Amino acid sequence: MSTELSRLANSLTLSPTRTFDKQARELAASGKKVLFFTLGEPDFPTPKNIKRAAFAAIKNDFTHYTPVPGILELRQAICDKFKRDNNLAYSPDQIVVNAGVANSLYLAFNCILNPGDEVVIPVPSWPTVFSQVKTTGAEPVFVQCKEENDFELQFQDVAAAVTPKTKCIVLNSPCNPTGAVIPEKTIKKICELASEKNLWLLSDEIYEKLIYSGKHISPALYHQNTITLHGVSKAYAMTGWRIGYTATPIQLATAITSLQGLAIGNPTSVSQKAALEALNGSQGSVSKMKKEFRNRRDSIVKLINEIPYLRANLPKGAFYAFTNVSNLFGKKTPGGKTLLNSVDVSNYFLNEALVATTPGQPFGSDAHIRFSYACSQEQIIEGMQQLKKAVEKLT
Ligand SMILES: Cc1ncc(COP(=O)(O)O)c(C=O)c1O
């Protein structure tokens with residue numbers, strides 16, 4: 001025997017979005033004033049009513065183990081949310097509360113996939129999705145969403161990617177990193193295809209509340225074997241509380257509960273009480289944050305398009321501007337380096353303009369970089385001014 005790590009452990013790296021953020025944080029720690037457009041997390045504090053619910057939970061000693069799938073009150077509140085917002089009827093035994101949607105995704109994939117299965121993933125996509133598929137031994141099959149279609153997923157591309165090995169189709173609307181929203185007619189056709197071929201649909205709806213144009217439609221309305229993933233991180237500025245949830249047919253919910261029991265026992269008790277208040281309490285803070293995100297989206301997209309060689313579409317949802325930087329490829333930096341890809345451009349922007357972004361390559365498009373505009377208007381203005389100067393220095 002040996003003390004070597006497993007094949008899985010040896011195949012793992014830090015998530016690419018975290019890698020670029022880490023690099024920028026190291027530069028900031030050396031005393032430089034770096035402007036961050038990296039991580040997808042709202043800069044707003046968690047709303048006060050939610051924090052009060054968490055304080056009360058601690059005060060009332062709600063600090064012990066809970067049922068594995070989460071407390072019944074919260075699972076009922078999630079069912080009420082689905083009925084209210086999406087016209088979906090779930091019972092609490094179809095809901096499992098997890099430690100964030102990243103965890104929901106991991107549990108769901110591990111409960112449906114076997115090595116050799118194929119999973120259709122529209123790209124550009126959150127890289128965690130395909131990295132997680134690979135850890136199960138299944139194969140991601142990519143469907144390219146094109147910029148000229150506003151990154152909107154096309155039904156015929158999905159249909160062409162389905163093979164006899166396909167087990168699941170992943171949907172993420174609004175999408176990280178493009179902000180694209182899938183129209184209802186496309187969702188319906190994909191659901192028909194999934195029903196006909198007997199496939200799982202996995203729908204990550206974490207940005208549902210952040211849609212500025214277009215309408216959110218849950219595929220679970222049209223296809224029974226849908227795994228709906230949702231959570232409180234983005235809409236309620238609760239990224240650190242780690243609460244996500246799955247809504248599925250009961251048999252899968254039971255499997256997810258068993259795997260969760262092995263992996264984490266239960267989601268954090270105090271965070272569950274906070275999430276309960278997020279879903280049942282006033283939704284005023286969500287509309288305020290959304291209004292502010294829309295203003296920031298309008299500013300950043302306008303300012304990006306004023307920078308020579310950069311081009312960004314107006315995203316319909318989420319809080320990212322996925323920006324085409326391919327017109328910079330071939331240009332030389334003042335240090336004599338030729339920019340060849342999105343990683344080079346991100347690195348140049350970081351080192352020359354102190355603007356931290358995420359290259360598009362890990363999301364599945366090397367022609368782009370991602371700006372997260374979950375930051376202040378002042379930072380957007382200052383950052384884009386610095387970028388413009390950096391671009392003007394290229395020859
Ligand atoms: C599409 C998508 N799903 C899920 C998550 C993660 O959500 P959570 O904080 O609940 O793990 C992210 C985070 O960036 C995301 O972009």
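Throughout these legends, a residue is called buried under 20% relative accessible area, exposed over 50% and partly exposed in between, with a 1.4 Å probe and protein chains only. The model is predicted, so that local features need pLDDT of at least 70 and side-chain atom pairs count only at pLDDT 80 or more, while totals for chains, interfaces and linings use all residues. Residues are numbered from 1 along each chain as its sequence is written, and side-chain values use heavy atoms, with hydrogens and water left out.

**View A. A nonpolar surface patch is made by L8, L12 and Y106.** The patch covers about 260 Å²; patches consist of residues with over 30% relative accessible area and no salt bridge, nonpolar side chains (Val, Leu, Ile, Met, Phe, Trp, Tyr) being joined within 5 Å and like charges within 9 Å. A salt bridge here is a side-chain nitrogen of Lys or Arg within 4 Å of a carboxyl oxygen of Asp or Glu, and accessible areas come from the Shrake-Rupley method with a 1.4 Å probe, only the protein chains shown counting as cover for residues. L8 belongs to helix α1 (residues 7-11), and its relative accessible area of 36% makes L8 partly exposed. Helices (H or I, at least four residues) and strands (E, at least two) are DSSP runs numbered from the N terminus.

**View B. F44, Y207, F293, F319 and Y320 form one aromatic cluster.** Rings of Phe, Tyr and Trp (its six-membered ring) pair if their centres lie within 6.5 Å, and planes under 30 degrees apart count as stacked, over 60 as edge-to-face and the rest as tilted. The whole structure holds 12 aromatic pairs. F293 and F319 form a tilted pair, 5.0 Å centre to centre with 45 degrees between the planes. F293 lies in helix α11 (residues 284-305) and F319 in the loop between β9 and β10, so this second contact links parts 26 residues apart in sequence. Y207 and F319 are both buried, and F293 is likewise buried, at 0% relative accessibility.

**View C. The charged end of K273 sits over the ring of F62.** Its distance from the ring centre is 4.6 Å; the criterion is NZ of Lys or CZ of Arg within 6 Å of the ring centre and within 35 degrees of the ring normal. R25 lies over the face of F36, 4.3 Å from the ring centre.
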